[in-house]
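Thanks for coming, everyone. Please have the model open on your screens, and let's walk through it together.

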Amino acid sequence: MERKASFMQEIATGLPASTRYAASGLLELLSDVHQRSISGTLLIDATTPVGVIQRACVFKAGRLTYAGISVPEPQEFVDELARYCQVRSIDVVRKFATTKGSVRALLETLVQVKMLTWEDLEKAMSRRIVQVLETLWTSPGRVEFSPQVDIDIAYGAAAEGLSTQYLIQQVEQRRQTWATVREQISSIQAIPQLTVGALDSIQEPKSKQHLQKWVNGQRSLSEIAALLRRDPLDVAKVYCHFLRRGWVHFGQRIDESSALSSSGTPIRASATNVSSNELVTILSVDDSPIAQALIKRTLGDRFNLLQSNDALDALAKLNQNNVSLLLLDLTMPDIDGLQFCRTIRKIEKFKEIPIVMLTARDGLIDKVRGRLAGTNHYLTKPVEPEALLHVIGQYLVADD
């Protein structure tokens, strides 16, 4: 039945359910979807220099409506609106998203009450989609196509998507700009490091404050841009200025116990080239293989990462290992994350262990329940790697 459904899908859309593409072949695929006016979702696995990254592109009649790590739930999309469009009264908007469920209805209401305009929204989302696409542009990969659209995003009075051809042009223009930046900075994944004595010579207060806060020999430009919620290209241009002034240089990630966390305190463990016995141990409990794979790609070379897909195995690993932090999924098959959290908080040696809850739910009530159960932090799936590292840095600090 599954093979027949795939065959019927290919007949209906002209696209195979799954296909591989060569380097720079994504352009052809997106153009094909545009020309055929296809609606659906492309799930993309791109093999980049920093590993396989997963992204989702949603189309309506060949026009892009969304691009991100995965297709968002309405409340997740609301958070993105707040980030990219600076929407005020976001709690009210979240409540509306929960009760109405339709993103299109939500957008129409926000425009009607003048919280944003269609022009502002399209501009912000175009910029966001272009930044997603450029991370995939020159890499080979594999796509899976589904005619299903799980979120009804559309823009403007005509309820359309964004012009795929325009977005492709924007990516190409940004690539040309990146080419000039790469003459000084090899990659957005490059690690800026402070030049010895540079801070003493800087007379620009904002630049000095920025470098003190964000440059720790551990964060890449990509991570810094994500934490600042800034366009990576804009951040790279700023660092070209820092580089010309001799304030920073670029090299490999520093693996010293004195490296600073995002909160400005030393991280307890170093990352690469250190044996697993010397690394801080983190336990990730999640029954989703995809979620666990993403966590492993983010943390696997920085920490001694243990993984469990059920509560019983997780409890055994907690007892057998010196776990410094627990990543806990809310929904699991045998016992949910809240129950598991309450259970281990009753055990004396686990009362102080930091617990970060990972869940697709983002409601205030869910967060309150998590805190009452004993969680320390709450992250909404899909979790951006930079956000996960930022939160971990707040809890895994060195002892004085």
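With a relative accessible area of 45%, Ser37 is partly exposed.

Ala61 sits in the loop between strand S3 (51-60) and strand S4 (63-68). Ala61 is partly exposed, at a relative accessible area of 40%.

Now step back. What you see is a predicted model. The chain's pLDDT averages 76, and 78% of the residues score at least 70. Where should you be careful? Where pLDDT is low, the predicted coordinates should not be read in detail.

Next, the overall build. How many helices and strands does the chain have? The secondary structure comes to 16 helices and 12 strands. The chain has 400 residues, and buried residues make up 47% of them. Take contacts between residues at least 6 apart in sequence: 66% of these join residues at least 24 apart.

On to the inside. The largest nonpolar core has 44 residues. Which of its members touch the most others? They are Leu42, Ile44, Phe77, Leu121 and Tyr155. Helix H6 (residues 118-134) gives the most to this core, with eight residues. Zoom in on Phe77. Leaving out residues up to four places away in sequence, Phe77 touches Tyr66, Pro72, Val103, Leu107, Met125, Ile151, Ile153 and Tyr155. There is also a second, separate core of 21 residues. Among its members are Ile188, Ala190, Trp247 and Val248.

One is Tyr239 with Phe242, edge-to-face, 5.0 Å centre to centre and 75° between the planes. How are these two placed along the helix? Tyr239 and Phe242 are three residues apart in helix H11 (residues 232-244), so about one helical turn separates them. An α-helix has 3.6 residues a turn, so residues three or four places apart point the same way. Tyr239 and Phe242 are both buried. The other pair is Phe242 with Trp247. Their ring centres are 5.8 Å apart and their planes are at 40°, so this pair is tilted. Trp247 is buried, as is Phe242. Put together, ring pairs link Tyr239, Phe242 and Trp247 into a cluster.

Start with H9 (residues 205-214). Its buried residues are Ser207, His210, Leu211 and Trp214. Why do we say they line one face? Look down the axis of H9: the buried residues fall within an arc of 95°, so they line one face of the helix. On the other side of H9, Pro205 and Gln209 are exposed.

Then helix H14 (residues 337-345). Here the buried residues are Gly337, Leu338, Phe340, Cys341, Ile344 and Arg345. They cover an arc of only 160° around the axis, so they are on the same side of H14.

Last stop: Glu172, in helix H7 (residues 164-181). Is Glu172 buried or partly exposed? At 27% relative accessibility, Glu172 counts as partly exposed. Now find Glu134. It is 38 residues from Glu172 along the chain, yet their C-alpha atoms are separated by 8.4 Å. Not counting residues up to four places away in sequence, Glu172 touches Leu27 and Trp137.

That's the tour. Over to you for questions.

Key: Residues numbered from 1 in each chain as written. Predicted model: local features only at pLDDT ≥ 70, side-chain atom pairs only at ≥ 80, totals over all residues. Heavy atoms only, no water. Phe/Tyr/Trp six-rings, centres within 6.5 Å; stacked < 30°, edge-to-face > 60°. Helix = DSSP H or I, 4+ residues; strand = E, 2+ residues; numbered from the N terminus. Buried < 20%, exposed > 50% of the residue type's maximum accessible area, 1.4 Å probe, protein only. Core = buried A, V, L, I, M, F, W, Y, C linked by side-chain atoms within 4.5 Å. Contact = heavy atoms within 4.5 Å. pLDDT = per-residue confidence, 0-100. Arc of directions from axis to C-beta.
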